[in-house]
Amino acid sequence: MAVAGKALFDVDTFARLSADQHGVFSRAQLLALGASPSDIRRRVRNGTWRAVHPSVYGVVGHRDTWLRRLWAAHLHAGPDSVVSHHSAGRLLGDEAAFRGRVELMVHPDRGRAPDGVTWFRRVDLEDDEIERRPGWPPMTNAAR
């Protein structure tokens, strides 16, 4: 729906997206849902959202969990990033994987990882080594 040529922010889709991603979302996702840059700035300024990483925001008051931090790191690293190493192990139920680590494979051109996140360069990962499950970011599979 649009008003005078301007798309309206799809609040219902945003609510589902935010819930699925543990209260975090990217600027690109917000813009795709019809939010304007001024809408984003206003919600950050009034304390509804806060910047978690560059171009990644979170709902203020949402519980800070490992999955939330994992989603935020994935959104910041970009759509070609993949949860890996101990983080993937934890998602897959490996009790030997270290708890609390946020580890992703990212495009070799990505810069530095944000604090609390470890990035490994994604250079030899094949598509059949990536597992996708509802509610989780893409991750390396158990065989990897």
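**Close-up views of a predicted model**

View 1. F25 and W49 are both buried (under 20% relative accessible area, with a 1.4 Å probe and protein chains only). The model is predicted, with local features needing pLDDT of at least 70 and side-chain atom pairs pLDDT 80 or more, while totals for chains, interfaces and linings use all residues. Residues are numbered from 1 along each chain as its sequence is written, and side-chain values use heavy atoms, without hydrogens and water. The ring centres of F25 and W49 are 5.0 Å apart and the planes stand at 65°, so the pair is edge-to-face (centres within 6.5 Å, planes over 60 degrees apart; the six-membered ring is used for Trp). F25 is in strand β3 (residues 24-26) and W49 in strand β4, 24 residues apart; strands are DSSP runs of E, at least two residues, and helices are runs of H or I, at least four, numbered from the N terminus.

**View 2. F9 against W49.** The whole structure holds five aromatic pairs. One of them, F9 with W49, is edge-to-face, at 6.3 Å centre to centre and 70° between the planes. F9 lies in the loop between β2 (6-7) and α1 (11-20) and W49 in β4 (residues 49-53), so the pair ties together parts 40 residues apart in sequence. Ring pairs link F9, F14, F25 and W49 into a cluster.

**View 3. Lining of the largest pocket.** The lining of this pocket comprises 14 residues, with S26, A28, L75, G78 and P79 nearest the centre. Helix α4 supplies the largest share, four residues.

Definitions and conventions: On a 1 Å grid over the protein atoms alone, a cavity is a set of points where a 1.4 Å probe fits but cannot get out, and a pocket is an open set with protein on both sides within 12 Å along at least five of seven lines; lining residues have an atom within 4 Å of a point. Rings of Phe, Tyr and Trp (its six-membered ring) pair if their centres lie within 6.5 Å; planes under 30 degrees apart count as stacked, over 60 as edge-to-face and the rest as tilted. Buried means under 20% relative accessible area, exposed over 50%, partly exposed in between (1.4 Å probe, protein chains only).
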